[in-house]
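Notebook open. I want to look up a few residues and write down where they sit and what surrounds them.

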Amino acid sequence: MAAGNGGDHRPRLELDQLLDELQVRIDAARGTRDRVHSLLEAVLSVGQELDLSQVLKRIVEAAVALVDAEYGALGVIGDDNGLSQFITVGISDEQSATIGSLPTGHGLLGELIRRPQALRLAKISEHPASSGVPVNHPPMESFLGVPIRVRDEVFGNIYLTEKRGGQEFDGEDESVLSTLAVAAGVAIENARLYEETRLRQHWLEANAEITSSLLSGADELRVLEQIVEHPQRILAADLAVLALPAEGSDNLQVVLATGTDAELHRGLVLTREGSFAGAAAAAGEPLTSTNIANDPRVADGPPRWAGMGPAVAVPMGTSDGVRGVLLLARAEGAPFTELETAALLAFAGQAALALEVAERRRAAEQMALLEDRDRIARDLHDLAIQRLFATGMTLQSTVRFVQHPQASERLVRAVDDLDETIKIIRSTIFGLRAHDAGPATQGLRVRTFKAIEQAMRSLGFTPVLRMEGLIDTDVPATVADHVVAVLGEALSNTARHAQARTAEVALVVASGTLTLTVTDDGVGIPEGGRRSGLRNLEERAEKLGGSLTIERPSAGGTRLVWKVQLSAA
């Protein structure tokens, strides 16, 4: 009986064991199915994004969820084989702030950079490359890392630590993460291609706008501003600086700067040996810096790079040489990549070429204008003056036939007026033809125009010019030299100190007196603010027996009046 009962229980026990084993296998199959399903969802989620920064973030989040890790990170390998970016999941902003700066690729993290293959550890501290964790860093034991390849290039690595429940990462975890890394490589490549296409479109639009502005005759200062603003916007730079060759020297002068602490850069004269922009101009090729604030190539000038990090400087080159340097800097973030630098260099070259084409077009227009002036001068000399002279001779011969005293007096005055008109026309002809002479023998009218043109770049606007009298014939060469120097100094003071939006220049020769007046709508000269530059202008006037007067118009601003007697000079 007992034996019979025992025989009845054995089949039932074996059946229970089979059912338990079957349930385990069903659960395992269901778990595998769920994990495959999760992996497919993660692959689809990663592949849907086109913004690279979002793609990288989703990769880390998907990796942490798939293998049930507490912490995850993705390190992007930079040009120097270090980590240029480090995206984390599981560590709060507060924790990150207490830990300090992000890792750069040393220790265990660098092991995957040196040997790009999957690495799985039960304890991080037992690996020879482990160098411990920073202060305030969460404790970490288990570790799983796999490389991400984009085609044949190792783009970066996925790092996971602390599998939940105190378990170790297993071979299945490694297989799942490796599969995700393959999908991540495809998603990253798509995002990079999209980013390259988008940036290329932005650069093409920027070049087209600059070329269109130059060829349509837009103000050159506005075009230079566009050359600075477009790269700053496209490459998300915090500071943009444009330096052009300084007149009369081998140095560079910063003509435009926008962004963080831009006022510290404007107007600086930079040597080619002691500045980052100068080094790029001297090398004739792009230069990059991971930390411009501490770059040894920055030696000259006042401190101005505080808070700045990555920087790039590219020469604006044409077949005639370097026309300037464009420099961008970021306060923080990734260094400028080779792709960004190449695009910036191409943009700078196109901008320099557009400037050169516009300059040649203006030179051709100027030549046509000068030829037209020659024609006008010939016509005035051959036709107008001869007719006026003949009319004057006729009136002069008529005087003796006029008996009425008042009529005779009027005829004499008319003859004198014709003589004065002939002098004015001769002075105008002299000015029209002065472009054929060298700088030392050019007329004062032309030199005045040139002085104002040179000041326009620093002023940011075009002053109004008014000239009256026999400027080219009645003003001696020595006085003309002083006038040009005084005008240049006055406009320079306006640009540096006045904060003006408009200015007016009047050069008048009348009754043996030359009067130069420069008026602006700026902030005016404060009490006790008389500068040494004004003293120089006063000394020039006194040397010629003249005077300098500084006035404050009722509407505000400053009026400078420089006056000399031509007879005394």
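I began with Asn157, buried or exposed? Asn157 counts as buried, because its relative accessibility is 0% (buried is under 20% relative accessible area, exposed is over 50%, and partly exposed is in between, with a 1.4 Å probe and protein chains only). I found Asn157 in strand S5, residues 153-163 (strands are DSSP runs of E of at least two residues, helices are runs of H or I of at least four, and both are numbered from the N terminus). The Asn157 side chain has a polar contact with the side chain of Tyr159, at 3.3 Å. A polar contact is a pair of N or O atoms within 3.5 Å; within protein, one must be able to donate a hydrogen and the other to accept it, and residues adjacent in sequence count only if both atoms are side-chain atoms.

A note on the source: this is a predicted model, where local features need pLDDT of at least 70 and side-chain atom pairs count only at pLDDT 80 or more, while totals for chains, interfaces and linings use all residues. Residues are numbered from 1 along each chain as its sequence is written, and side-chain values use heavy atoms, with hydrogens and water left out.

Next, helix H9. I looked up Ala414, which is in helix H9. Ala414 is partly exposed, at a relative accessible area of 27%.

Then the surface charge. Which residues gather in the patch of negative charge? I listed Asp416, Asp417, Asp419, Glu420 and Asp474. Patch residues have over 30% relative accessible area and no salt bridge, and like charges are joined within 9 Å. A salt bridge is a side-chain nitrogen of Lys or Arg within 4 Å of a carboxyl oxygen of Asp or Glu. Helix H9 (residues 405-433) gives the largest share of this negative patch, 4 residues. I checked Asp419, which lies in helix H9. Asp419 is partly exposed, at 39% relative accessible area.

Last, backbone angles. Most residues other than glycine have a negative phi. I noted Asp261, with a positive phi near 55°. Asp261 is in the loop between strand S7 (252-259) and strand S8 (269-270). Asp261 is partly exposed, with 29% relative accessible area. I noted Gln499 too, with a positive phi near 55°. Gln499 is in the loop between helix H12 (477-498) and strand S13 (503-510). Gln499 counts as exposed, because its relative accessibility is 66%.

Notes:
Patch = residues over 30% accessible without salt bridge, like charges linked within 9 Å, V, L, I, M, F, W, Y side chains within 5 Å. Areas by Shrake-Rupley, 256 points an atom, 1.4 Å probe, with all protein chains shown as cover. Lys, Arg positive; Asp, Glu negative; His and termini not counted. Charge placed at Lys NZ, Arg CZ, Asp CG, Glu CD.
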